[in-house]
Amino acid sequence: MDYELFKEIVNECSEYGPRSFSLHLFGEPLLYPFILESIAYIKERNKKHTILLTTNGGLLNKFADDILRLRVDRVIWSYRANNFNNKTLRLLKKIGLIRLLIEETPKEEFEKWSKFPRVEVKHLHSYGGSIDVSKWQVPELPERYPCYHLWLAPAVRWNGEIVECCNLAKSGENVLGKYRETNLKEVWSGDGISELRKSHMKGIYPGACNNCTSWQAYPSIFFRSQCLAA
């Protein structure tokens with residue numbers, strides 16, 4: 001993402017009070033040339049903003065000290081084989097969450113990483129239908145519920161496309177608006193997202209939602225305010 005665009009988005013979000021920023025969206029955040037500047041800028045705008053980094057861990061050895069210095073609130077490491085140094089291990093123990101995918105994590109690694117303070121074990125999901133998970137036989141839940149992303153988790157792609165959640169990979173698809181042509185407040189209170197919410201409340205899951213299994217990977221956090229917002 002263009003760094004000036006990034007700052008514009010942070011500036012708008014900061015108008016609405018403390019926000020949570022998840023820096024990933026189908027990319028390794030530690031490869032972003034302005035990642036340290038971006039983290040610092042978020043915290044400068046509001047010290048109560050929280051920052052979540054989801055990473056494959058490949059560059060954690062390089063950035064461990066900076067991540068702690070800049071007060072990142074949580075690092076989710078999605079398990080990939082890595083040779084972590086002592087600084088990274090301390091980082092993971094202090095603010096890390098170890099994410100172990102049942103379908104992909106070697107059995108011996110479960111025992112090794114289960115000793116850490118925060119461990120999340122979950123099934124792989126389809127990212128809006130873009131990944132075929134049928135070969136893993138991920139179990140289905142008995143009942144589907146409205147997805148929390150539509151109320152809590154707008155996402156902005158690298159090129160400014162605003163979409164309803166972080167599970168939509170393909171640029172040009174499911175676009176609710178484009179930043180600079182509109183803004184997050186307008187999109188998040190607009191007709192497009194409102195219609196999606198109403199559909200979910202009726203048990204209808206259109207578009208990418210129809211083939212998405214993300215809802216199976218998380219417990220339901222459906223709550224009354226979703227009914228009111230719809």
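The entries below go from helices to strands, then to charges and surface.

**Ground rules**

I am working with a predicted model, where local features need pLDDT of at least 70, side-chain atom pairs count only at pLDDT 80 or more, and totals for chains, interfaces and linings use all residues. Residues are numbered from 1 along each chain as its sequence is written, and side-chain values use heavy atoms, with hydrogens and water left out.

I took helices and strands as DSSP runs, numbered from the N terminus (helices are H or I with at least four residues, strands E with at least two). For burial I used relative accessible area: under 20% is buried, over 50% exposed, and partly exposed lies in between (1.4 Å probe, protein chains only).

Which residues of α3 are buried? In this helix, residues 60-69, I found Leu-60, Phe-63, Ala-64, Asp-66 and Ile-67 buried. I then checked what covers them, with contact meaning heavy atoms within 4.5 Å. The cover includes α2 (35-45), β2 (50-55), β3 (74-78) and α4 (86-95). After α3 comes Arg-71, and I noted its positive phi, near 65°.

For α2, I listed Ile-35, Ser-38, Ile-39, Ala-40, Tyr-41, Ile-42 and Lys-43 as the buried residues. Their cover includes α1 (3-14), β1 (20-23), β2 and α3.

**Entry: Thr-55**

I looked up Thr-55 next and found it in strand β2. Is Thr-55 buried or exposed? Thr-55 counts as buried, because its relative accessibility is 3%. Leaving aside neighbours within four places in sequence, I found Thr-55 in contact with Glu-28, Leu-30, Leu-60, Val-75, Ile-76, Trp-77 and Ser-78.

**Entry: strand pairing**

I counted two strands as paired if DSSP finds at least two bridges between them. By way of background, strands of a sheet pair through backbone hydrogen bonds, either parallel or antiparallel.

β4 and strand β5 (residues 119-122) pair in the parallel sense over four bridges. Within this pairing, Arg-99 stands opposite Glu-120 in β5. I also noted that β4, α5 and β5 make a right-handed β-α-β unit. Right-handed here means that, with the strands pointing away from the viewer, the path from the first strand over the helix to the second runs clockwise.

Further along, three strands form an open sheet in the order β6-β7-β8, with antiparallel pairing. β6 (155-156) and β8 (177-178) stand at the edges with a single partner strand each, so one side of each is left without a neighbour in the sheet. I found two bridges between β6 and strand β7 (residues 161-163), in the antiparallel sense. The bridge partner of Val-156 in β7 is Ile-162.

**Entry: salt bridges**

My rule for a salt bridge was a side-chain nitrogen of Lys or Arg within 4 Å of a carboxyl oxygen of Asp or Glu. The count by this rule comes to ten.

I began with Lys-7 and Glu-4, whose closest N and O atoms are 3.3 Å apart. Both residues lie in helix α1, three residues apart, about one turn of the helix. Glu-4 is partly exposed, at a relative accessible area of 42%.

Next I looked at Asp-73 and Lys-43, which form a salt bridge with the closest N and O atoms 2.8 Å apart. Asp-73 lies in the loop between α3 and β3 and Lys-43 in helix α2, so this pair ties together parts 30 residues apart in sequence. Asp-73 counts as partly exposed at 33% relative accessibility, whereas Lys-43 counts as buried at 6%.

The side chains of Glu-161 and Arg-157 also meet in a salt bridge (2.9 Å, N to O). Both Glu-161 and Arg-157 are buried. I also found Asp-2, Glu-8 and Arg-180 joined into one network by salt bridges that share partners.

**Entry: loops**

Where is Ile-102 found? I located Ile-102 in the loop between β4 (96-101) and α5 (107-113). Ile-102 is partly exposed, with a relative accessible area of 38%.

My last stop was Lys-48, in the loop between α2 and β2. Lys-48 is exposed, at a relative accessible area of 59%. From Lys-48 to Glu-104 I noted 56 residues in sequence and 35 Å in space, C-alpha to C-alpha.
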